[in-house]
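Q: I have a protein model open and would like to go through it piece by piece. Can we start with the terms and then look at the parts?

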Amino acid sequence: MRRFKLAEQVIEETAPDLHTALADAYRKRIRPLCLCREGGLLMYIAHVGDQYIVKRMPMSGGEHDPACPSYEPPDELSGLGVLMGSAIQVDPESGMSALKVSFSLTKIGTRAAPGSGSSATDTIAGDARKLSLRSVLHYLWHQAELTAWTSRWAGKRHWWNIRWHVIEAAGQMMVKGGMLNEILFVPEPFRAADKAAIEQRRAAALVRALPPKSGPRKLMILVGEVKDFAPTRSSHRLIVKHMPDFPFLMDERIYLRLKGRFENELALWDADEASHLMTIATFGLTSAGLAVVEDMALMVVAENWVPYDSAYEKRLVDTLAKLRDRSVKGLRYNLSGETPTAAALVQRQSQPIALYVVPPSADKAYEEALQELIKSRPEIGSWIWRTAEGEIPPLPFR
């Protein structure tokens with residue numbers, strides 16, 4: 001049972017007066033300690049609607065006990081490892097992450113400012129210096145703890161709390177010298193009764209993307225769920241769920257590049273009606289008020305909003321969704337599929353277990369790199385599914 005220390009008070013997370021204690025600590029700006037380790041680990045309290053939630057400090061997950069809900073896998077088991085300290089620099093005092101990105105957030109005339117381009121945005125394989133658009137989405141999802149799952153959460157993860165956690169995670173990130181949450185737009189859940197108020201709040205949020213009278217135009221970042229790519233007279237428009245009356249225009253070059261670069265994600269989305277297709281895009285507004293996409297990346301997530309990269313990973317995500325044990329999905333960030341990473345990690349009281357899905361195309365070099373990765377963390381158990389050898393094997397626990 002997880003326990004927290006609030007000033008001089010020690011309280012269990014199942015205590016009936018926990019909500020009152022957290023609300024009082026939040027008002028008094030008291031930082032809780034998680035007592036899963038001797039001496040305690042510093043946490044913070046997030047206020048979500050009428051709830052108060054204790055959350056871990058960024059990048060502190062590996063310090064928690066493996067049985068603690070705040071534990072997270074070592075960075076080097078995923079694509080995050082090569083980025084820490086280079087593309088992602090975390091201030092240990094504030095928990096603020098400074099992100100170095102490969103895409104532009106300004107536009108000069110009809111062309112994006114230097115630093116943009118298709119090769120720099122989403123096709124970098126293992127580049128530790130800068131984050132692609134997709135890698136930023138991966139990091140947001142990871143920091144928002146949307147890669148974690150337990151069957152006890154079934155039916156409790158909806159767009160309103162996903163939106164809140166993504167925006168809150170962005171509040172701990174800086175991009176090109178500014179706060180990410182100040183340029184991030186995540187549509188709020190649509191309610192017909194609140195349509196006028198929602199449109200008014202949207203217009204206020206997008207003022208930053210309006211073109212200035214002179215100089216470079218500033219771009220914003222969209223994170224949302226794709227509803228459709230609809231044809232227009234000259235190209236296509238992106239329709240985002242919860243804002244179907246506000247299309248994002250795409251020129252033919254961007255649309256064709258998106259179809260080629262994210263062919264896998266689009267196919268996985270088409271193959272499963274319950275899955276969601278997430279997008280992250282840079283965009284600006286024209287003087288006429290039209291939203292125009294400058295760059296875009298995609299990520300497919302299962303019904304429980306946990307990401308996956310292949311039909312094999314989807315099988316694993318679906319299997320883990322039924323377990324009460326807490327699992328954390330690993331993400332590739334900038335790494336290519338030729339580099340082995342842990343597809344997920346399951347938290348067990350006796351020993352955390354990393355789950356590896358070996359693609360059918362894996363060669364001898366891949367197998368050797370996989371064994372080196374497993375040996376680098378002997379305190380973590382391993383389970384391997386070599387997909388070329390047949391169906392998913394039983395997990396090493398009930």
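A: A polar contact is a pair of N or O atoms within 3.5 Å; within protein, one must be able to donate a hydrogen and the other to accept it, and residues adjacent in sequence count only if both atoms are side-chain atoms. One case here is T150: a polar atom of its side chain lies 2.7 Å from the backbone oxygen of R324.

Q: What kind of model is this?
A: This is a predicted model, where local features need pLDDT of at least 70, side-chain atom pairs count only at pLDDT 80 or more, and totals for chains, interfaces and linings use all residues. Residues are numbered from 1 along each chain as its sequence is written, and side-chain values use heavy atoms, with hydrogens and water left out.

Q: Back to T150. Where does T150 lie?
A: T150 lies in the loop between β10 and α4. Helices (H or I, at least four residues) and strands (E, at least two) are DSSP runs, numbered from the N terminus.

Q: Is T150 buried or exposed?
A: T150 counts as buried, at 2% relative accessibility. Buried means under 20% relative accessible area, exposed over 50%, and partly exposed in between (1.4 Å probe, protein chains only).

Q: What does T150 touch?
A: Not counting residues up to four places away in sequence, T150 touches L323, R324, D325 and R326. Contact means heavy atoms within 4.5 Å.

Q: And T147, where is that found?
A: T147 is in the loop between α3 (133-143) and β10 (148-149). T147 is buried, with a relative accessible area of 3%. Leaving aside neighbours within four places in sequence, its contacts include W141, H142, V306 and P307. S327, V328, K329 and L331 are also in contact with T147.

Q: New topic, helix α6. Which of its residues are buried?
A: In α6 (residues 252-261) the buried residues are I254, Y255 and L258. They are on the same side of α6, because they cover an arc of only 100° around the axis. The arc is that of the directions from the helix axis to the C-beta atoms.

Q: Why would residues three or four places apart point the same way?
A: An α-helix has 3.6 residues a turn, so residues at that spacing point the same way.

Q: What is on the other side of α6, and what covers the buried residues?
A: R253 and G260 are exposed on the other side of α6. The cover over the buried residues includes β15 (220-231), β16 (236-240), β17 (248-250), α7 (263-271) and β19 (291-301).

Q: What caps the N-terminal end of α6?
A: D251 does, with a side-chain oxygen 3.1 Å from the backbone nitrogen of R253.

Q: What about the largest cavity?
A: The largest cavity holds about 150 Å³ of space. It is lined by 16 residues, and P73, S78, H142, K329 and G330 lie nearest its centre. β20 (327-329) and β21 (344-346) each supply at least two residues of that lining.

Q: And the largest pocket?
A: The largest pocket has a volume of about 1,700 Å³. Its lining has 46 residues, with R2, E13, P69, W153 and R326 nearest the centre. β5 gives the largest share of the lining, six residues.

Q: Last one, E76. Where is its place?
A: E76 is in the loop between β5 and β6 (88-90). At 39% relative accessibility, E76 counts as partly exposed. Its side chain makes a polar contact with the side chain of R377 (2.3 Å). Leaving aside neighbours within four places in sequence, E76 is in contact with G81, L373 and R377.

Terms used
On a 1 Å grid over the protein atoms alone, a cavity is a set of points where a 1.4 Å probe fits but cannot get out, and a pocket is an open set with protein on both sides within 12 Å along at least five of seven lines; lining residues have an atom within 4 Å of a point. Grid points are joined across faces, edges and corners, and a volume is the space filled by probe spheres set on the points.
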